[in-house]
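Work through the exercises below with the model open. Try each task before you read its solution.

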Amino acid sequence: VRFPEDLEDENTTFNPEYSHQVFGDDEVAFGYKGLKILLYYIAGNLSTLLRIEYTSKVNEKFDCVEADDVESKIREIIPPGFCTNTDDFVSLLEKEVNFKPFGMLLHTYSVHNEEAGEDIIYQIYKADMTCPGFRDYHERLQTFLMWFIETASFIDVDDERWNYFLVFEKYNKDGATLFATVGYMTVYNYYVYPDKTRPRVSQMLILPPFQGEGHGAQLLETVHRYYMSSPTVLDITAEDPSDNYVKLRDFVLVKLCQDLLCFSPGKLMQGFSQEMVMEAQQKLKINKQHTRRVYEILRLRATDMGDAEQSRSYRLDVKRRLIGPYKKKQRELAKMRRCLRPEELTNQLNQIDLNMQHEQLEESFQQLVSEYRRVLERLAQA
């Protein structure tokens, strides 16, 4: 909500992707007809209004059953101090002009908005719990995780090893410059013996009204650039990354790596090298596993897949990596031959059908190539 009229504007509304963390695996609130749970957030400081509406509700006295206490379930998620009265919320909206982003400005960029016919300015900040007012703001911000990340949990903000990166949109209202929350990322700094840290991306969310505009890529690249300048950072990883996050990371890391000398077309065609691993880690804080993926994407770009020899060379190179888990199975099988009785061995062999392995390997390769092509298409448009 930026203006009072946004309260009634369906275009500013978005729905949760998940509600199982609040309403159980069935995602059901029992005992209501026409139930609407309405949460409004002021665009910048995220002050909250909760309204619960329904056309009818079961009555314990007459229906002998009790409706779910929906409000108490929501109260477990949103911090205290929220409004239940629209007038109170609108009076808070008038003070929004005083809200300013927290922490240190890291990056400013613009995105062209077709609808508005102009470039909109966005800024990325790094904050921590010492910033006045940030603790309360973060409590409100993290409530979105429950509705948009399937396995979300709230973090321990008293642990000083957390870093917070925030994206804001700058907009004008009555001649004043205001800020709207776009999304954020939390990163935990793990200790690596003897004197390094390994930042690990924990949670990342771009709010639905801003998705598909490139903010996730801007945020991840900014975070990488922030840590790249630190000599104590070993590399950057992610905790249990989603498929969407992996796609985003592929794009950002390839964009960062493509200008390194070790990824020149000539060197790519010679195969994956220790030089690539060293340079990507030292200059860009990228670990070996992610560097290998970057190599495969950039090598695909440098390969003429219409040329039988080049295509075969690329396919074998990628499959040699993909075959790792199958080779492990073969080693396990060799151990079994020495240890198992014939009938037990037959049972195990039935589970490891070589033809099936080849089919799975080819399927994995084709899927990977289509993922890589999407990254290269996005890179060509960037």
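The exercises cover a helix pair, salt bridges and an annotated site.

This is a predicted model: local features need pLDDT of at least 70, side-chain atom pairs count only at pLDDT 80 or more, and totals for chains, interfaces and linings use all residues. Residues are numbered from 1 along each chain as its sequence is written, and side-chain values use heavy atoms, leaving out hydrogens and water.

**Exercise 1. Classify the packing of helix 8 against helix 11 and list the residues that meet.**

Step 1. Locate the elements. Helices (H or I, at least four residues) and strands (E, at least two) are DSSP runs, numbered from the N terminus. Helix 8 spans residues 243-257 and helix 11 spans residues 288-302.

Step 2. Take the geometry. Axes are lines fitted to C-alpha atoms, for helices over the stretch in contact, and angles run from 0 to 180 degrees between N-to-C directions. The angle is about 75 degrees, and the axes are 10 Å apart.

Step 3. Classify. Angles under 35 degrees count as roughly parallel, over 145 as roughly antiparallel, 65 to 115 as roughly perpendicular and the rest as oblique. Helix 8 and helix 11 are therefore roughly perpendicular.

Step 4. List the contacts (heavy atoms within 4.5 Å). Helix 8 supplies Val246, Arg249, Asp250, Leu253, Val254 and Cys257; helix 11 supplies His290, Arg293, Val294, Ile297 and Leu298.

**Exercise 2. Where do arginine 2 and glutamate 169 lie, and are they buried or exposed?**

Step 1. Apply the criterion: a side-chain nitrogen of Lys or Arg within 4 Å of a carboxyl oxygen of Asp or Glu. The closest N and O atoms of arginine 2 and glutamate 169 are 2.8 Å apart, a salt bridge.

Step 2. Arginine 2 precedes helix 1 (20-23) and glutamate 169 sits in strand 7 (residues 162-173), so the bridge ties together parts 167 residues apart in sequence.

Step 3. Check accessibility. Buried means under 20% relative accessible area, exposed over 50%, partly exposed in between (1.4 Å probe, protein chains only). Both arginine 2 and glutamate 169 are buried.
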